[in-house]
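This report describes selected features of one protein model. The sequence and the structure are shown first, and the description follows.

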Amino acid sequence: MCGICGFVTRTRPPDDAGAVLRRMAARLGHRGPDGDGFWTGEGVFLGHRRLKIVDLEGGAQPMANEDGTVITSFNGEIYNHETLRAGLEAKGHLFTTRSDTEALVHLWEELGVETPAELQGMFAVSIWDDSKKTLYLARDRMGQKPLYYTETREGLAFASELTALLEHPAVSRSIDPVSLRRYLLFDSVPSPGSILQGVKKLEPGTWLLWRRDGDTRRGRYWDITFPARDERPPSIADAADRLRSLLSASTGARLMSEVPLGVFLSGGIDSSAVVAAMCDHRPGPEVQSFSIGFEDPSFDETVHAKTVAQHFRTTHRHKTLTPAVMLEKLPGIMSRLDEPLADGSLIPVFLLSEFTREHVTVALGGDGGDELNLGYPTFQAHKVAQWFGLLPGPLRAAVGGLVRRLPVNHDNISFDYKAKQLMAGMEFHPWHRHFVWIGALPPAAQHPLLSGDVLAAAADEDVFSIIDHHAASCAPRDPFDLLTYLYSKLYMCDDILTKVDRASMMHSLEVRAPFLDTAVVEFLTSLPTRYKLRGMEMKYLLKRAFRKELPKHILNRPKKGFGVPIAKWLRGPLRQWTEDLLHADEHLRALGLEPAGVQQLLRDHLDGVRDNRKPLWSVIVLLLWYDMNLRP
């Protein structure tokens, strides 16, 4: 796991190009603390920061082919690199290291832009072909590894993180108004946009080819697809056996490491299933599992994690975090945040990663299990919304009135919070309402918070158009296929996976996701909805696959999520800090925000009028990010 950066030019590079490259790489030091490397050619500058995982002695980058005409700076892991190596050696290619990186340069010689279609893993790839004078960028299928880029007047610059890209003098420092509005809805900026004008994120499953003597080309090498409606699925029993086998194989592949390795264990079914699959390949006591808990019982899952650890006899470590510890860490987290991300669970993932890194360098996790197995409560809510829409109008209005009068409860995913979110989403299109349910501020609610310039530059329709764009690219069998697709593109990629990547890499910890193995993804998306959401029971097939191995109460417990008590903090230990921060009128206006609207949000929350935890946290994170990265 590493950090990559670089730039190419058609004209004269910056006079201090070498220094620019080194500054970009230095900003990625947390991603690769074990060393750096640089390669320069005529108008070509590639940088790399390394975290040693495989071939500790011989895997330094940038890495070249035999004659030095193909050079790569690569971030990630290629789990099938040994199979690729055997095939490439049979074709006469010479390898000088044991690194998975070396397969890339030789595969490029054989396949060119089709290279990533052969890769099984998580990756962000940059390849310079000196004979063709082209720069190639590619990103893994699900978006586990980040890759930002911007096309400049002189050429193109790229980096693993936005803050590294900011070290290049041609990169814009202006906030993009459409991205700002989408951030306020989604809690993150959906790909391919970024918070800055002119800076893009390479989308998952796509590649980009920059030519010195021509235009930039883009292509897609993979996407989530669904079978025809009349395709006959396997039986439930066969599907459960197949899923169990695929997860075992994908987990086994992700044990590839020459450094200590462990697993995040929350006590939910996804992480528990990963632990079970790890125990297929090594005895329980050799599996190092890690969890953190909270003093607030509505947020704590420690007892469930301990139950699973004892069941499989793992070597388990856990830590209970107090609000004081989490608040103490908050400034450090925000100072290293790459792009605004308002998912409050970033804080516990950061602290879990910090704790885990004290013992191992690689950890497996359960990311992807919810999206691919229909495991979020919003999938149940989709059914409830369908039923609710069939009620007579007066009855719907009466129910809505009752819900609005429910007293505010700041516990984790409390009933009043869920009920009010459900009602808030009912006025929207069925696909749009999901992101109102899980997000912060729908378009109309943003108006009091935004300046006239922002509202003029970014219409309400622009906020939702990214959902419609993805929906148009999908050929679903039913609404839940489409929801799987949308959640994977807009929530998992740009929120969940971004959160895990940034929080873990702040501590130089690599996190791997067995559920996101291509074979697992393609199998789960081939199955009908009733295998995953059976009535109102979520993750039906996954539970069936592990019902003989996991304790019954672990299989049947409701989803809690991995959150922190932000609503209570804002009214308690963070109150004065929040009031001071949100009264920085000059900074708010610099971001295109209206101070009066922001401060009204805060007053309503402090007075208990409504639970504004999510929109307030979105504004707080945005302000802190601006203060650390853009403020003059």
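S191 is placed in the loop that runs between α5 (177-186) and β10 (199-201). Helices (H or I, at least four residues) and strands (E, at least two) are DSSP runs, numbered from the N terminus. The model is a predicted one, in which local features need pLDDT of at least 70 and side-chain atom pairs count only at pLDDT 80 or more, while totals for chains, interfaces and linings use all residues. Residues are numbered from 1 along each chain as its sequence is written, and side-chain values use heavy atoms, with hydrogens and water left out.

With a relative accessible area of 4%, S191 is buried; buried means under 20% relative accessible area, exposed over 50% and partly exposed in between, for a 1.4 Å probe and protein chains only. Setting aside residues up to four places away in sequence, S191 touches R139, K201, E203, I466, H470, C493 and D494, where contact means heavy atoms within 4.5 Å. The side chains of S191 and D494 are also joined by a polar contact of 2.7 Å. A polar contact is a pair of N or O atoms within 3.5 Å; within protein, one must be able to donate a hydrogen and the other to accept it, and residues adjacent in sequence count only if both atoms are side-chain atoms.

## Cis peptide bonds and positive phi values

Most residues other than glycine have a negative phi, and most peptide bonds are trans. The peptide bond from S191 to P192 is cis, with omega near 10°, and P192 is in the loop between α5 and β10. A cis bond also leads from Q61 to P62, with omega near -5°; P62 belongs to the loop between β3 (44-50) and β4 (63-64).

L374 has a phi near 55°, a positive value in a residue other than glycine. L374 sits in the loop between α11 (369-372) and α12 (377-388) and counts as buried at 1% relative accessibility. For S508, phi is likewise positive, near 55°. S508 lies in the loop between α19 and β17 (510-512) and is buried, with a relative accessible area of 8%.

## Helix packing around α18

Two packed helices are described by the angle between their axes and the distance between the axes. The axes of α15 (residues 430-438) and α18 (residues 460-472) come within 10 Å and cross at roughly 120°. Axes are lines fitted to C-alpha atoms, for helices over the stretch in contact, and angles run from 0 to 180 degrees between N-to-C directions. The angle makes α15 oblique to α18; angles under 35 degrees count as roughly parallel, over 145 as roughly antiparallel, 65 to 115 as roughly perpendicular and the rest as oblique. W431, H432, F435 and V436 of α15 make the contact with F464, I467 and D468 of α18.

α18 also packs with α19, at an angle of about 125° and with the axes 10 Å apart. These two helices are therefore oblique to each other. On the α18 side, I466, I467, H470 and A471 meet L482, Y485, L486, K489 and L490 of α19.

F546 touches R244, L247, A273, A276 and L555, not counting residues up to four places away in sequence. Helix α7 (residues 269-278) has ten of its ten residues buried, so it is largely enclosed by the rest of the structure. The buried residues of α7 include D270, S271 and S272, as well as A273, A276 and M278.

## D604 in helix α26

D604 is found in helix α26 (residues 595-606) and is buried, with a relative accessible area of 14%. Leaving aside neighbours within four places in sequence, D604 is in contact with V609, R610 and N612. The C-alpha atoms of D604 and I466 are separated by 31 Å, and the two residues are 138 residues apart along the chain.
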